[in-house]
Amino acid sequence: MTSLTVLLRHSGKWNGESNYVEYSIEGILIKEYASYNDLVESISNQLGIDLSSKSIKIQYKVEGNSTPMEIHNDMGYRVYVELKKENREFGIYALLCMSEDCEWRFKASSINKSELLKVREFIDNHTCPLKKKVYEQRQTSSSLIGGMIKPKLANHKRKYTPKDIIDDVKSDLGVYVSYMLAWRAKEKAMNFLRGEPADSYKKLPGYLYTMDMTYPGHILPLAYGVIDSENDAAWTWFFEQFKIAYGDRENTCIVSDRNESIIKSVPRVYPDVPHFACIWHLWNNSDGEGEKVDIRVKEYLELAGYEKWARFYAPVNRGWTMTSNIAESINAALVSARELPIYDFLEEVRKMFGRWNCSNRKEATQTYTMLGKKYQEMLTLNEAMSTRITSKFLMPEEYCSNYYKPNTVVMTYDVPVYPLPDRNDWNIPAHVAEEVVLPPKWKRPPGRPKKKRDKPLSELMQPKNQHSCSICGQGGHNKQTCINAPHRI
């Protein structure tokens with residue numbers, strides 16, 4: 001049964017202008033279908049009035065009517081309830097100071113039952129002793145700020161830092177907040193938008209089942225594992241799960257950085273698969289001093305093993321796969337998405353590959369050169385550089401693998417990544433819906449969470465934004481100004 005809020009103005013008097021003044025105020029809740037006697041009983045209980053010796057006279061004033069109306073029977077109460085439901089009596093909103101002796105007040109009322117308000121009264125003068133203690137030292141909570149900044153965090157790609165929050169609160173509210181308060185407000189806003197991690201994990205069984213039904217026999221070109229941290233057990237588990245999904249295939253190799261847990265886990269799960277070191281990480285770990293060979297660099301490279309980084313010693317044809325750039329590039333594209341709950345993160349991954357699939361297939365179908373645009377430019381440049389070399393005559397495109405030709409690219413992206421059905425249309429079997437998936441057991445460490453890896457000293461000492469020429473490999477210029485570039489004849 002619906003309850004209505006009633007403000008009781010009592011112990012006052014009506015003046016000559018039919019306004020009730022010098023009153024005290026309290027509030028009660030009344031049932032919509034109560035009786036007049038129920039109303040009298042509720043008021044007497046709230047105000048502590050003994051009805052055996054005193055009586056209660058109930059009057060109210062309808063906005064726009066100067067004559068107070070009296071409630072003295074059930075019909076009068078019903079009329080009052082209907083007027084209140086139409087918001088005709090209490091369409092007035094009042095703000096008062098927390099001090100009862102203060103004259104500060106703000107009153108407004110709705111215009112024709114709309115969301116527009118008309119200010120009726122505003123006394124901007126605090127006469128209370130709380131003025132110096134409260135008014136001049138206004139405070140705000142992290143929950144209040146979090147509710148204000150929620151719209152600005154709806155897009156996970158937007159960079160909105162605690163410093164930005166401090167500036168916005170200062171500009172909008174005129175209040176200074178500390179960095180920690182702004183950080184907590186951001187955390188609360190994100191928790192409100194994204195929900196609890198456990199709620200996201202509950203969605204995984206149905207989501208993965210729908211993925212399998214929508215894309216039968218088609219998996220994304222990457223595997224993701226949700227772990228507590230990068231340790232031996234986590235990497236071993238990851239490779240075991242990947243082996244179950246991908247199986248054993250010929251001419252397979254693994255390229256990674258020199259993470260100790262990866263080095264230990266690969267031979268346990270893939271004893272017959274070569275494990276190569278990413279040349280980029282190896283170069284940075286050795287201080288990147290290629291021309292000045294330090295004895296420590298030599299020892300480091302020998303300890304890693306020639307077969308780990310030199311193609312000549314590789315037991316399988318690793319081609320030009322010298323780095324783990326593909327994985328690093330994907331990680332860079334998903335930096336902001338990794339802050340999302342697991343369900344939303346996987347959905348961002350699926351949508352990103354869907355966009356790439358569509359754009360790459362479109363580009364390949366609209367390419368009319370022998371190779372793709374990027375590789376056609378490389379071929380043209382190499383052709384110009386080799387004009388003076390005498391060799392067996394071949395057409396330029398015959399030097400290139402079919403993998404770089406548009407027809408092959410179209411075949412690569414032949415299976416489109418369609419959008420998933422609307423969540424309301426998912427038909428999930430009962431045994432899948434009943435599966436329970438819990439978040440990993442994880443305890444948040446103290447301090448601010450790290451979003452970037454700890455870089456070694458050698459990487460920190462490297463000059464930033466150092467570019468080199470793509471033709472001769474030297475620094476200080478690019479291919480457009482390279483003096484070593486071949487001249488066209």
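Reader: Where does Ser11 lie?

Author: In this predicted model, Ser11 lies in the loop between strand 1 (3-10) and strand 2 (13-14).

Reader: Why is Ser11 called exposed?

Author: The relative accessible area of Ser11 is 60%. Exposed means over 50%, so Ser11 counts as exposed.

Reader: What makes the phi of Ser11 worth a remark?

Author: Most residues other than glycine have a negative phi. Ser11 is not a glycine, yet its phi is positive, at about 60°. Glu22 is not a glycine either, and has a positive phi of about 55°.

Reader: Where does Glu22 lie, and why is Glu22 called exposed?

Author: Glu22 lies in the loop between strand 3 (20-21) and strand 4 (24-31). Its relative accessible area is 61%. The cut-off for exposed is over 50%, so Glu22 is exposed.

Reader: Which residues does Glu22 touch, not counting residues up to four places away in sequence?

Author: Glu22 touches Ser11, Gly12 and Lys13. A contact needs heavy atoms within 4.5 Å. As for Gly12, its C-alpha atom is separated from that of Glu22 by 4.8 Å, and the two residues are 10 residues apart along the chain.

Reader: How do you know what span to expect of helix 4 (residues 162-173)?

Author: The expected span is 1.5 Å times one less than the number of residues. Helix 4 has 12 residues, and the expected value is 16 Å. From its first C-alpha to its last, helix 4 reaches 16 Å, close to that expectation.

Reader: Which residues of helix 4 are buried, and why are they said to line one face?

Author: Pro162, Ile165, Ile166 and Val169 are buried. Seen down the axis of helix 4, the buried residues fall within an arc of 100°, so they line one face of the helix. They pack against helix 3 (142-149) and helix 5 (179-194). On the other side of helix 4, Ser171 and Asp172 are exposed.

Reader: Why is Cys253 called partly exposed?

Author: Buried means under 20% and exposed over 50%, with partly exposed in between. Cys253 has a relative accessible area of 26%, so Cys253 is partly exposed. Cys358, at 43% relative accessibility, also counts as partly exposed.

Reader: How many disulfides are counted?

Author: A disulfide requires a pair of cysteine sulfur atoms within 2.5 Å. By this rule the count is zero.

How values were computed:
Residues are numbered from 1 along each chain as its sequence is written. This is a predicted model: local features need pLDDT of at least 70, side-chain atom pairs count only at pLDDT 80 or more; totals for chains, interfaces and linings use all residues. Side-chain values use heavy atoms; hydrogens and water are left out. Helices (H or I, at least four residues) and strands (E, at least two) are DSSP runs, numbered from the N terminus. Buried means under 20% relative accessible area, exposed over 50%, partly exposed in between (1.4 Å probe, protein chains only). The arc is that of the directions from the helix axis to the C-beta atoms.
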